[in-house]
Amino acid sequence: MKKQPLTFRSFCLSVFKKYRLYIENAIQAPAYSRGQGFLYWQNRLFTDAIMFAMPLSLIALIPSVFVEYREGQIFLVVFDILALLVVGFITLSRRLTLYFRKITVAITIALVAVVLTASLGSFSMGCIYLFSLSVFAALQFEDRLAYGSIAVNLLICLGFGIVINYNLLDIPITHSVTFSHWVIYSSNFLFMDLVVVTLIRQILNGLQRTMRKEALLFSNLQKELAERKRLNVSLKDSEEHYKTLFFQSPSPKLIFDMDTLQFLQVNKAAVRNYNYTEQEFLSMKLSDIHPDEKIEEMLHHLSAPVNYNDVLPAYTTQHLAKHGKRIHAEITRSDIRFEGRQARMIVATDISQLVSHTDAIRKQNDKLKEIAHMQSHVIRLPLTRIMSLSGLINDELSEQADPQLLRYLNISVNDLDEAVKKIVHHSEEIMAEINAEDMR
């Protein structure tokens, strides 16, 4: 690409950009950040004022020095040049605080006003610089120093008034202005000076209050945004935690729409336990996994109100897995909001093995009851008969029978009787435990 030729305008813009960067770095190097609000605005204004005043002051300095030199006022020539150099040196000195540099500029303006008024014999030049002093102080300092500049102007006017009235010094102002005219000039000047400073301070104080409110609002907004960000992170973490608990839970969990009973979400355990794929589940309703005889029971439990985050007591029912397999399930449920819809989540714990074990135990208990009944009634009856026959033999046939045989018979009958009594006692204890368990 061909390089564009450097025009006079682009050259001037380049020079001004470098000059501006130099002034900004020199004045605001120790500077203040934007977070300080009003103070930053004042410092920015001071920087811009110096940046434009330095080159533009030559517009006034060059003709003034030329005329003063032709008229033989060498003192004014030296003073004007020295004043500009002092202002430039002080304001661009990075070792000095910005506040001190502002004070130096204010003092220099006051000295220029006094010297020009005294030397030129006219209040017009002094009025310009004194008025500039008040405006500068009102813009750059607090109320105390802003109104203090008016006090300084008042003292300067009083000082010149005394010199003019009593002709204390042989200077041009004492010959060109009468005391009465000076009073008129200075009183009108001080009046306008006070009005302008007051208006500027009211505007700036209002601006400062507004900026403070904006800063406070911005700070509160930042805190609110930070808190919202923290809540969003916490919500995201909670959502991830919920998803982990839901999808990785070993118990089947199913979410369905309360109005349509359509499944909205299922976890991996449900897919694994019921043998339906997730897509198949999402095309089904809650009633599709219930046997026909359990639909009415399902609707009854579905109509029970549940408050959000509350869990109703569990109940047991039967579900149908794929290919018609029946699953005994213990159901706990709670209402939730799912993608803006009223939904319910159920946890269907598979208790099929528990039910099978319970049935097996119940069958064993039934057998134990039957055995206990046989022991207490069926076995006892023949034993009673044997004991009766043994007693009859002892009474009627004791002389004809072998005594030793009768003794062994009695011992055996008594031993058998004791054994049966123990069996009956233990059977009664078992029966009592079984009956108590059934009552639970």
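Good morning. Let us begin with glutamate 339, which is found in the loop between β4 and β5. Helices (H or I, at least four residues) and strands (E, at least two) are DSSP runs, numbered from the N terminus. The structure before you is a predicted model, in which local features need pLDDT of at least 70 and side-chain atom pairs count only at pLDDT 80 or more, while totals for chains, interfaces and linings use all residues. Residues are numbered from 1 along each chain as its sequence is written, and side-chain values use heavy atoms, with hydrogens and water left out.

Glutamate 339 has a phi near 50°, a positive value in a residue other than glycine. At 69% relative accessibility, glutamate 339 counts as exposed. Here, exposed means over 50% relative accessible area, buried means under 20%, and partly exposed lies in between, with a 1.4 Å probe and protein chains only.

A second residue with a positive phi is asparagine 275, at about 70°, although asparagine 275 is not a glycine. Its place is in the loop between α9 (268-274) and α10. Because its relative accessibility is 45%, asparagine 275 counts as partly exposed.

Let us now turn to the whole protein. How many helices and strands does the protein have? There are 14 helices and five strands. Of the 440 residues, 32% are buried. The accessible surface comes to about 28,600 Å², and carbon and sulfur atoms hold 63% of that surface; such areas come from the Shrake-Rupley method with a 1.4 Å probe, and for residues only the protein chains shown count as cover. Contact means heavy atoms within 4.5 Å. Among the contacts with a separation of 6 or more, 54% are between residues 24 or more positions apart.

We continue with helix α1, residues 8-27. Its 20 residues should span 28 Å at 1.5 Å a residue, and the end C-alpha atoms are 28 Å apart, which agrees. The expected span is 1.5 Å times one less than the number of residues. Which residues of α1 are buried? They are Ile23, Ala26 and Ile27. Seen down the axis of α1, these buried residues fall within an arc of 85°, so they line one face of the helix. The arc is that of the directions from the helix axis to the C-beta atoms. As a general point, an α-helix has 3.6 residues a turn, so residues three or four places apart point the same way. The buried residues of α1 pack against α2 (38-70), α3 (74-91) and α4 (98-120). On the other side of α1, Lys17 and Lys18 are exposed.

Helix α6, residues 143-166, can be treated in a similar manner. With 24 residues, α6 should span 34 Å at 1.5 Å a residue; its end C-alpha atoms are 35 Å apart, which agrees. The buried residues of α6 include Ala146, Ile150, Cys157 and Phe160. After α6 comes asparagine 167, whose phi is positive, near 50°.

Next, the spaces in the model. On a 1 Å grid over the protein atoms alone, a cavity is a set of points where a 1.4 Å probe fits but cannot get out; a pocket is an open set with protein on both sides within 12 Å along at least five of seven lines; and lining residues have an atom within 4 Å of a point. Grid points are joined across faces, edges and corners, and a volume is the space filled by probe spheres set on the points.

The largest pocket has a volume of about 900 Å³. Its lining consists of 32 residues, and those nearest its centre are Ala53, Ser57, Leu84, Ile109 and Tyr129. Two or more lining residues come from each of α2, α3, α4 and α5 (123-140). Which element gives the largest share of this lining? That element is α2, with 13 residues.

The structure also holds one cavity of 30 Å³ or more. The largest cavity contains about 100 Å³ of space. Of the 13 residues lining it, Phe256, Leu286, Tyr315, Ile331 and Ile346 are the closest to its centre.

Is leucine 286 buried or exposed? Leucine 286 counts as buried, because its relative accessibility is 4%. Apart from neighbours within four places in sequence, leucine 286 is in contact with Phe256, Leu261, Phe263, Met298 and Ile346. Leucine 286 and methionine 298 are 12 residues apart in sequence, and their C-alpha atoms are 8.9 Å apart in space. Thank you.
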